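Dear colleague,

Please find below the structure that I am handing over to you. My findings follow directly after it.

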Amino acid sequence: MAEAHQAVAFQFTVSPEGVDLRLSHAALKQVYLAGLRSWKKKITRLRNSLVTGVFPASPTSWLVMAMAILASQASRLDPSMGLIGKIKEHLPASAYLSEPARAGLGALAFATLLWLGLVVTMRGALRALLCYHGWMDEEHGHTSLATKFWLALVKIFAGRRPMLYSYQASLPRLPVPPIRDTVQRYLESVRPLLSDPHFQRAAALARDFEHSLGPRLQWYLTLKSWWATNYVSDWWEEYVYLRGRGPLMVNSNYYAMDFLYITPTPMQAARAGNVVHALLLYRRLLNREEIKPLMIQGTLPMCSAQYERIFNTTRVPGVEADLLQHRRDSRHVAVFHAGRFFRVGLYHGGRLLGPRELQAQFQRILDDPTPPAPGEETLAALTAGPREPWARARRSYFGSGRNQESLRAVEQAAFFLTLDTTEQGLLGPEPGRALDQYAKALLHGQCHDRWFDKSFTVIIFRNGKTGLNAEHSWADAPIIGHLWEYTLATDVFQLGYSADGHCKGELDPSIPPPQKLQWEIPGECQQVIQGSLRVAQALADDVDFHTFAFEDFGKGLIKRCHASPDSFIQLALQLAHFRVRPRPTASPSPTACPSPDSFTQLALQLAHFRDKGKFCLTYEAAMTRLFREGRTETVRSCSIESCNFIRAMMDAAQSTSQRLALFRVAAAKHQTLYRRAMMGAGIDRHLFCLYVVSKYLGVDSPFLREVLSEPWGLSTSQTPIQQFELFDLKKHPDYISCGGGFGPVDDNGYGVSYIIIGEDLITFHISCKFSSPETDAHRFGANIRTALLDLRALFNLPTK
């Protein structure tokens with residue numbers, strides 16, 4: 001095999017005359033360069049650890065302080081008030097140390113101790129400042145004097161030029177809410193969904209839990225919060241994700257789309273070359289910790305812990321629980337095309353391959369006529385089906401020989417790349433339907449052409465369109481969103497393409513070709529693969545998906561009436577659930593309403609009510625990354641206030657002024673719920689952890705059991721744009737991403753993801769199941785449009 005010969009650095013023969021060594025200088029050069037690169041990375045990590053470890057101070061500040069202390073000593077001043085002399089007395093006597101040298105060492109020791117004390121003080125002060133969240137309760141644009149003073153202190157203690165992980169040690173721990181507050185807020189959230197008898201029963205169970213078993217479970221949880229960095233995140237990762245035995249595809253993994261209107265090049269290999277190179281540039285920034293930590297209002301840092309496992313990570317199946325396998329580095333990507341797997345190296349001569357060189361590598365794969373080995377074409381279906389059969393097959397058939405080596409090449413890759421054989425995007429006579437197919441292609445594909453266990457799989461379609469599918473356990477969608485924003489912007493605005501659609505740059509003909517992975521899959525394993533494929537295909541065929549861009553108005557128009565887009569959409573979703581349009585009323589004059597986020601969320605709730613004629617438990621994801629290792633919390637967007645507003649919209653007897661008043665109350669309530677979730681005062685993560693404690697103690701709680709079994713009829717998530725500086729929508733209005741989406745959470749419910757783009761566009765991704773008689777993705781999409789237009793009419797917003 002050619003790759004075996006390339007791996008040999010030297011050859012030797014033994015003869016009566018002795019040992020004859022024949023060294024391969026090319027191979028030795030590669031060994032040298034690999035070692036050099038490894039040591040450079042170690043030095044970089046050590047430097048970054050030092051800089052991050054003393055932040056918000058810096059090593060330079062130690063040098064300045066040391067020089068100042070030494071200068072004062074030379075001037076016969078003693079800023080230590082005698083401490084330097086005490087330190088000098090405890091220095092060991094030595095014939096090699098003169099008196100001035102001992103005095104200098106004492107001054108340096110004092111400067112170091114003083115500097116470390118200042119570091120600890122500044123970090124403690126910053127942590128104390130970041131524990132304050134009262135700023136969230138203030139109306140946007142009306143900051144109090146106390147909050148302005150607090151923000152000024154945060155800026156003083158936050159340091160300058162932070163690295164990615166600089167603030168990790170200064171972030172506060174996620175607090176454990178009081179049981180009384182959680183129980184009260186839970187009952188408040190389910191009141192509009194339950195009849196009086198059912199609510200009385202729920203209240204009785206909740207009160208009994210609050211006064212009997214709850215305090216005992218709370219004690220253990222409080223103890224964990226003192227000991228662990230975050231009392232939720234490790235259990236959330238393990239029990240919600242890694243212990244799940246169902247398929248990852250559709251149920252857990254999610255996707256991100258390419259630009260909506262633009263495809264930079266129709267050449268598949270060229271697009272793959274630029275996208276892969278952009279991803280590797282991001283990885284380089286990540287390894288050097290040069291990515292700026294996400295900051296709220298440019299001042300308040302958010303946790304960056306989830307970035308660590310973006311690359312070189314895979315989820316390894318287990319019989320009872322999976323595990324996440326992360327490597328510090330990987331020098332190749334795994335590529336799938338037309339049923340074959342390949343290993344593509346990313347470095348040559350100690351440098352990263354350029355876009356044009358990567359394009360040539362991928363073109364070689366596209367031109368390779370080699371047929372797949374028996375069972376190879378559908379092998380990846382193991383990652384799309386249930387976890388237990390995959391775990392047992394991995395242990396039985398991939399533990400040695402060629403299969404082990406090839407599987408290792410896939411699992412230890414930086415990420416997975418699929419050169420898809422289909423074309424996607426706004427194509428054909430029905431671009432709307434084509435967009436739905438594009439979403440399904442990214443969510444599940446053919447069920448055997450994505451490696452769903454990898455941290456993410458990049459998909460490059462035959463016409464140059466791209467997208468990715470991400471595994472969920474290692475991080476949440478905003479992390480992948482940050483990566484994908486950088487990748488798309490770098491692909492188009494920095495790397496670019498030549499006039500004929502090729503990647504820019506030069507070719508090095510000495511780069512070794514891609515290595516085709518070899519498999520020997522026995523018949524018994526092929527049967528397991530086919531079983532997983534049948535399960536996965538049935539799941540994929542049942543997914544009803546609808547993606548559409550709402551262009552009648554967007555964030556710009558909503559902000560003109562001081563509204564929150566998120567609350568607006570949530571209320572519209574609830575209203576659309578009922579499918580009955582309210583009787584038109586006299587046109588009101590333009591009026592003020594809450595923020596655009598609330599506007600959007602209320603619109604979604606309005607749409608949901610129109611669609612089903614009833615209210616439902618509504619899930620909205622909020623980040624808790626203001627705390628160390630924070631992930632998400634649930635906003636229960638369907639509230640008493642939102643239901644009152646929706647009933648008013650459905651009641652023709654209600655006046656416009658009454659509806660507007662109820663909208664303001666509902667939107668304000670939604671913003672309060674969102675703030676609570678971000679501050680760690682939500683409901684669901686606390687109850688989830690109490691349930692885990694109860695299982696460890698072997699006690700049963702009817703209250704917790706019922707809470708955690710309640711179905712989420714409407715699961716929603718907003719895709720935030722985090723790097724506005726990368727996209728100039730005024731200069732390039734067509735270069736907008738369509739966001740991403742996920743599969744339905746409940747068999748009879750909807751999954752809705754939306755992204756608010758620029759000032760005039762909101763894109764929705766709606767999923768449900770064909771097998772449910774209660775849902776229809778296109779019907780719900782139509783109801784969302786109607787609900788948004790009804791809210792526009794309610795506020796008398798101008799049309800385009």
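In strand 18, Val635 is the bridge partner of Glu620. Strand 18 runs antiparallel to strand 17 (residues 618-623), and five bridges join the two. Two strands count as paired if DSSP finds at least two bridges between them. Helices (H or I, at least four residues) and strands (E, at least two) are DSSP runs, numbered from the N terminus.

Please note that this is a predicted model, in which local features need pLDDT of at least 70 and side-chain atom pairs count only at pLDDT 80 or more, while totals for chains, interfaces and linings use all residues. Residues are numbered from 1 along each chain as its sequence is written, and side-chain values use heavy atoms, with hydrogens and water left out.

The chain as a whole

The protein chain holds 25 helices and 22 strands. Of its 800 residues, 53% count as buried; buried means under 20% relative accessible area, exposed over 50%, and partly exposed in between (1.4 Å probe, protein chains only). Among contacts between residues at least 6 apart in sequence, 81% join residues at least 24 apart, where contact means heavy atoms within 4.5 Å.

As background, the strands of a sheet pair through backbone hydrogen bonds, either parallel or antiparallel.

With strand 19 (residues 714-718), strand 21 pairs in the parallel sense over five bridges, and Ser717 has Ser753 as its bridge partner. With strand 22 (residues 761-769), strand 21 runs antiparallel, joined by seven bridges; here Val752 is partnered by Ile766. Strand 21 and strand 22 also form a hairpin with three residues between them, and Gly758 in the turn has a positive phi of about 60 degrees.

Is strand 21 mostly covered or mostly uncovered? Strand 21 is mostly covered, as eight of its eight residues are buried.

Gly751 of strand 21 is buried, with a relative accessible area of 0%. Leaving aside residues up to four places away in sequence, Gly751 touches Ser715, Phe742, Pro744, His765, Ile766 and Ser767. The C-alpha atoms of Gly751 and Phe545 are separated by 9.5 Å, although these residues stand 206 residues apart along the chain.

Two helix pairs

The axes of helix 19 (residues 565-575) and helix 21 (residues 640-650) come within 10 Å and cross at roughly 55 degrees. The two helices are therefore oblique to each other; angles under 35 degrees count as roughly parallel, over 145 as roughly antiparallel, 65 to 115 as roughly perpendicular and the rest as oblique. Helix 19 contributes Leu571, Gln574 and Leu575 to the contact, and helix 21 contributes Ser642, Phe645, Ile646, Met649 and Met650. By class, this contact has six nonpolar, two polar and no charged residues. Ala, Val, Leu, Ile, Met, Phe, Trp, Tyr, Cys and Pro count as nonpolar, Asp, Glu, Lys and Arg as charged, and the others, Gly among them, as polar.

The axes of helix 8 (residues 196-211) and helix 24 (residues 702-709) come within 8 Å and cross at roughly 125 degrees. Helix 8 and helix 24 are therefore also oblique to each other. Arg201, Leu205, Ala206 and Phe209 of helix 8 meet Pro702, Phe703, Leu704 and Glu706 of helix 24. This contact has six nonpolar, no polar and two charged residues.

A further hairpin

Strand 6 (residues 313-316) and strand 7 (residues 323-326) run antiparallel and are joined by four bridges. The two strands form a hairpin with six residues between them, and Thr313 stands opposite His326 in strand 7.

Yours sincerely,
A colleague

Key. Axes fitted to C-alpha atoms, helices over the stretch in contact; angles between N-to-C directions.
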